[in-house]
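Hi,

Here is the structure I promised to pass on. My notes on the ligand site and the core follow below it.

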Amino acid sequence: MFLAGTNITAVTLEWAMSNLQNHSDVLNKAKDEVDAQVGQQHLGGRTRPLKASIHKKHNFRHSLRLYPPTPLLIPHYSSDNCTIDGYDVPRGTILLVNAWTIQRDPRLWEDAESFKPERLETGEDDAHKLMTFGLDRRASPGASLAQNVLGLTLGR
Ligand code: HEM
């Protein structure tokens, strides 16, 4: 929890800030949205209006797609024989999921290498393609906390 709650969240913020600085059009759009929906007077602690502004959420989620801080997720271990996408995986195998590659796969994403947060506004981020927090039962229990912290920090 300490590692995930500090280092991974900080690394994600660093990537999100770098992406915004390298894409001034996206930065300006996010800034305009925060200015319009929140304004300066709410930034000193009254965070609720900031939470309601979602554009920055798209920004960091999109950073997570291109620069996942845990690119191979966390190693999984098969408790029984199973088949994954036609491959027989014996019991006791350590399996790494290459989320980095999946999230940049041109068969799944149009213009896969480009930072375009607006694509997430059209629902292109269905859960099976964007798996930065893992999926299903072993997915990160900190996902909700992390997304709130990231959204609020980036928004401020
Ligand atoms: C941007 C932030 C974060 C990312 C990208 C992230 C990502 C991940 C990933 C990929 C896993 C492994 C999922 C799998 O096994 O397939 C995981 C597990 C976990 N995460 Fe996070 N995480 C983040 C923030 C946090 C925070 C803030 C906490 C707690 C304060 C947290 C606590 C945990 C714990 C306890 C596990 C292990 C769960 C288990 O094995 O059942 N994470 N996280």
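How far does a polar side-chain atom of Arg138 lie from an oxygen atom of the ligand? The distance is 2.8 Å, which falls under the polar contact cut-off (a pair of N or O atoms within 3.5 Å; within protein, one must be able to donate a hydrogen and the other to accept it, and residues adjacent in sequence count only if both atoms are side-chain atoms).

Before you go further: this is a predicted model, where local features need pLDDT of at least 70 and side-chain atom pairs count only at pLDDT 80 or more, while totals for chains, interfaces and linings use all residues. Residues are numbered from 1 along each chain as its sequence is written, and side-chain values use heavy atoms, leaving out hydrogens and water.

Back to the ligand. His76 also places a polar side-chain atom 2.8 Å from a ligand oxygen atom, and Ser140 has one 3.0 Å from a ligand nitrogen atom. In total, 19 residues surround the ligand (a heavy atom within 4 Å); Ala4 and Thr132 are among the closest. Helix α1 gives the largest share of this shell, four residues (helices are DSSP runs of H or I, at least four residues, numbered from the N terminus).

Now the inside. Ten residues form the largest nonpolar core, including Leu13, Phe60, Leu64 and Leu150 (buried, under 20% relative accessible area with a 1.4 Å probe, protein chains only; joined through side-chain atoms within 4.5 Å). The elements giving two or more residues to this core are α1, α4 and α6.

Best wishes

Key: Buried < 20%, exposed > 50% of the residue type's maximum accessible area, 1.4 Å probe, protein only.
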